[in-house]
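Subject: Handover of a structure and the findings from it

Dear colleague,

Please find below the sequence and the structure that I am handing over to you. I would be grateful if you kept the structure open while you read the notes that come after it.

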Amino acid sequence: MSERLLVLVRHGQSEWNLKNLFTGWRDPDLTPQGVEEAKRAGKRLKEEGYQFDLAFTSDLSRAQKTLDLALAELGQTGLLVVKNLALNERDYGDLSGLNKDDARAKWGEEQVHVWRRSYDVPPPGGESLKDTVARALPYYVTEILPKVLQGNRVLVAAHGNSLRALIMVLEKHTPESIMKRELATGAPVVYRLKADSTVESVVDLAG
């Protein structure tokens, strides 16, 4: 019987997460804590008995390294991995590299809040979550979902906002509710899909 298994995991803490900087498409490495979070994700998946046939990740090293570390814990270092920038984090444009407190001082608390938490208002030179959905969701529908529906057990290591694009469809969120959907770093979320691609069950392996 086909498993139709899809597991999503946000990358472990990055150096810029730690420094409270807008990261986007910039490419900082994982912190030591982020490395441990990635390893813990793999350990949790192994404890629960999961194995995978295929993995997807973004074009950014923090997600790729998270995937590599998790697969090492699973004993699956030779797994086929597909990398694509469609799964990259939301591009924060002119905010990228700025400390979030400095950005609030420059543009105001309210404006920065709108850029971070509205669905369709992009920061200068960057993407809104709506824009991120517009690039990540078609990739999911055309490349990832068919593999899952064929019975492959698929692991996706990516970013908070690109994963929200997938979760928006999987969990049937509205533009308002998806902004409140938090994803802990290095915490796998396990979906089993029905043949019609809707979700049969979801398990959050945080903690």
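Predicted model: local features only at pLDDT ≥ 70, side-chain atom pairs only at ≥ 80, totals over all residues.

The active site

The unreviewed UniProt entry lists His11 and Glu89 under "active site". Although these residues span 79 residues in sequence, no two of their C-alpha atoms are more than 10.4 Å apart, so they gather at one spot. Both His11 and Glu89 belong to the lining of the largest pocket.

Where does histidine 11 lie in the chain? Histidine 11 is found in the loop between β1 (5–10) and α1 (15–18). Its relative accessibility is 2%, so histidine 11 counts as buried, the limit being under 20%. Leaving aside neighbours within four places in sequence, the residues in contact with histidine 11 are Asn17, Arg62, Ala63, Thr66, Ala158, His159, Thr185 and Gly186. With arginine 62 there is also a polar contact from side chain to side chain, at 3.3 Å.

Glutamate 89 sits in the loop between β3 (81–83) and α4 (100–107). With a relative accessible area of 9%, glutamate 89 is buried. Residues up to four places away in sequence are again not counted, and glutamate 89 then touches Gly24, Trp25, Leu60, Arg62, Glu127, Arg135, His159, Gly160, Asn161 and Ser162.

In general, the strands of a sheet pair through backbone hydrogen bonds, either parallel or antiparallel. The parallel sense is seen where β1 pairs with β4 (residues 154–158) over five bridges. Within this pairing, valine 9 has alanine 157 in β4 as its bridge partner. The antiparallel sense is seen between β5 and β6, which are joined by five bridges. Here tyrosine 191 has valine 202 in β6 as its bridge partner. Five residues separate β5 and β6, which form a hairpin, and serine 197 in the turn has a positive phi of about 80 degrees.

Beyond its neighbours within four places in sequence, phenylalanine 56 is in contact with a number of residues, including Leu67, Val82, Leu87, Tyr139, Val154 and Ala157.

Glutamine 64 is part of helix α3 (residues 61–74). Its relative accessible area is 18%, and glutamine 64 is therefore buried, as the limit is under 20%. Not counting residues up to four places away in sequence, glutamine 64 touches Thr57, Ser58, Asp59 and Lys83.

Why is helix α7 (residues 160–170) described as largely enclosed by the rest of the structure? The reason is that 10 of its 11 residues are buried. Among them are Gly160, Asn161, Ser162, Leu163 and Arg164. Just after α7, lysine 172 takes a positive phi of about 55 degrees.

Serine 162, which lies in helix α7, is buried with a relative accessible area of 0%. Its side chain reaches the backbone oxygen of leucine 87 at 2.8 Å. A polar atom of the serine 162 side chain also lies 3.3 Å from the backbone nitrogen of histidine 159. Residues up to four places away in sequence aside, serine 162 touches Leu87, Asn88, Glu89, Thr132 and Ala136. This list leads back to the active site, as Glu89 is one of the residues that UniProt lists there.

Yours sincerely,

A colleague

Note on methods:
Residues numbered from 1 in each chain as written. Heavy atoms only, no water. UniProt positions renumbered as here; feature names shortened; annotations may be inferred. 1 Å grid on protein atoms, 1.4 Å probe; cavity = no way out; pocket = protein on both sides within 12 Å on 5 of 7 lines; lining within 4 Å. Helix = DSSP H or I, 4+ residues; strand = E, 2+ residues; numbered from the N terminus. Buried < 20%, exposed > 50% of the residue type's maximum accessible area, 1.4 Å probe, protein only. Contact = heavy atoms within 4.5 Å. Polar contact = N/O pair within 3.5 Å; in protein donor to acceptor, adjacent residues only side chain to side chain. Pairing = 2+ DSSP bridges.
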